[in-house]
Amino acid sequence: MNYDSPSLTVVSTEVEPGAIRWRSPSNIALVKYWGKHGDQLPRNASVSFTLDGAATDTTLHYSARKAAGEGVEVELYFHGTMKPDFTARTKKYLERLLPIYPFLQQLSLRIETSNSFPHSAGIASSASGMSALALCLVSLEEQLFGTMTDRDAFLRKASYLARLGSGSASRSVYGTAALWGAVSEVEFSSDEYALPVADRIHPVFQTYHDDILLISKTEKSVSSRAGHGLMDLNPYAGARYAQANRRVVTMLDILRRGDTENFGELLESEALTLHALMMSSHPYYTLIEPNTLHVIRTLQQFRRETGHPVHFTLDAGPNVHLLYPDTVASEVRNFIREHLLYFCEDKMYLADRVGKGPQQLPVNETSSD
Ligand code: DP6
């Protein structure tokens, strides 16, 4: 896929100031992306559920740039405050997109962004944040040039641009579930953008819950970026990439059949494999906390006693995601309150579920708080 378009430039005097706003959710990987190469290309395919509540709301304000200059003119406000570090990172990202969107250099941009979840919650916001920004950019292309009228092409390009910002963000542009990475069994699957797989998902999974237990809000000691990098020298890397590609196909089959038991087994093995990869990196490191294991053990006991299909997964951090069908929701909620909140920092958890995907919103509502 080559999106380079030198012709996408504007006549500055003709640009009316405007704004575009998208709300885009986070996602939880069922089969994990861990290891990358080249320009943000994954070493293996991954599949995720798109979440509902955990989301980023981003408004992109644009106007003609007063004077031509180097690079991209942008300021980023996070929850109403100008953030120099986020601004610098966003500027770098937008400048990488200049071959695709040369018009970005002709505009003055102000980005207002806010998350639905507390900043201190220790939840990665790169998937929701980068997908919201990518969606705003493709909408901006459509607004300025009218080139993005086909919805599938629109979302595919947003997924591609989101991937360049953060790999997992490529999956957030689609509701319910998404597949990122080429697997021979799925036509049109690609390392460059994610595909929607909502129409292959059994109804039981379409209303699945994902409650996020906030074990620790401390910033993680090793970033995802560094963690991906360490995979290059991990002695198990080759076997892992092959396993993940097989598992994506198995997971898609499980999701289609509505098989909650095998779902859980694969889900949990993926979580532990991810952390085993961290522990077998050089230098090795651990991101799980003692309370992560306490939650896992307590959950296993609850499962033995009730037989309910409640299973855990982990991101690159200590927080535990509990995934379960709607039919057992009230019992699981009680179990969390009575037995698991004790292990959470400030007794906090976020009740989330599988969601319908990003939404474009009217800009007149306030988007920063
Ligand atoms: C463990 O997408 O955050 O959550 O591409 O460097 O931004 P970058 O990494 P990122 O990695 C996510 C890793 C993961 C698994 C997953 O979401 O698939």
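I count a polar contact as a pair of N or O atoms within 3.5 Å. The model I am reading is predicted.

**Entry 1: the ligand**

I looked up Gly 167 and found one of its backbone N or O atoms 2.7 Å from an oxygen atom of the ligand. Ser 166 uses its side chain instead, with an N or O atom 2.7 Å from a ligand oxygen. For His 228 I noted a polar side-chain atom 3.0 Å from an oxygen atom of the ligand. The ligand taken alone exposes 460 Å², and the protein buries 91% of that.

I then listed the surroundings. There are 16 residues around the ligand, and Tyr 33, Lys 36, Ser 166, Gly 167 and Ser 168 come nearest. The shell has five nonpolar, seven polar and four charged residues. Domain 1 (12-200) and domain 2 (203-353) each supply at least three residues to this shell.

**Entry 2: salt bridges**

I got a count of 15 salt bridges. One of them pairs Asp 39 with Arg 96, with the closest N and O atoms 2.8 Å apart. Asp 39 sits in the loop between strand S2 (36-37) and strand S3 (41-42), while Arg 96 is in helix H1 (residues 84-96), 57 residues apart.

Glu 270 and Arg 247 form another, with closest N and O atoms 2.8 Å apart. Glu 270 belongs to helix H7 (residues 260-279) and Arg 247 to helix H6 (residues 237-257), so the pair ties together parts 23 residues apart in sequence.

Are Glu 270 and Arg 247 buried or exposed? Glu 270 is buried, at 0% relative accessible area, and Arg 247 is buried at 15%.

Technical notes:
Residues are numbered from 1 along each chain as its sequence is written. This is a predicted model: local features need pLDDT of at least 70, side-chain atom pairs count only at pLDDT 80 or more; totals for chains, interfaces and linings use all residues. Side-chain values use heavy atoms; hydrogens and water are left out. A residue is near a molecule or strand if one of its heavy atoms lies within 4 Å of it. A polar contact is a pair of N or O atoms within 3.5 Å; within protein, one must be able to donate a hydrogen and the other to accept it, and residues adjacent in sequence count only if both atoms are side-chain atoms. Accessible areas come from the Shrake-Rupley method with a 1.4 Å probe; for residues, only the protein chains shown count as cover. Ala, Val, Leu, Ile, Met, Phe, Trp, Tyr, Cys and Pro count as nonpolar, Asp, Glu, Lys and Arg as charged, and the others, Gly among them, as polar. Domain bounds come from an automatic or database domain assignment. A salt bridge is a side-chain nitrogen of Lys or Arg within 4 Å of a carboxyl oxygen of Asp or Glu. Helices (H or I, at least four residues) and strands (E, at least two) are DSSP runs, numbered from the N terminus. Buried means under 20% relative accessible area, exposed over 50%, partly exposed in between (1.4 Å probe, protein chains only).
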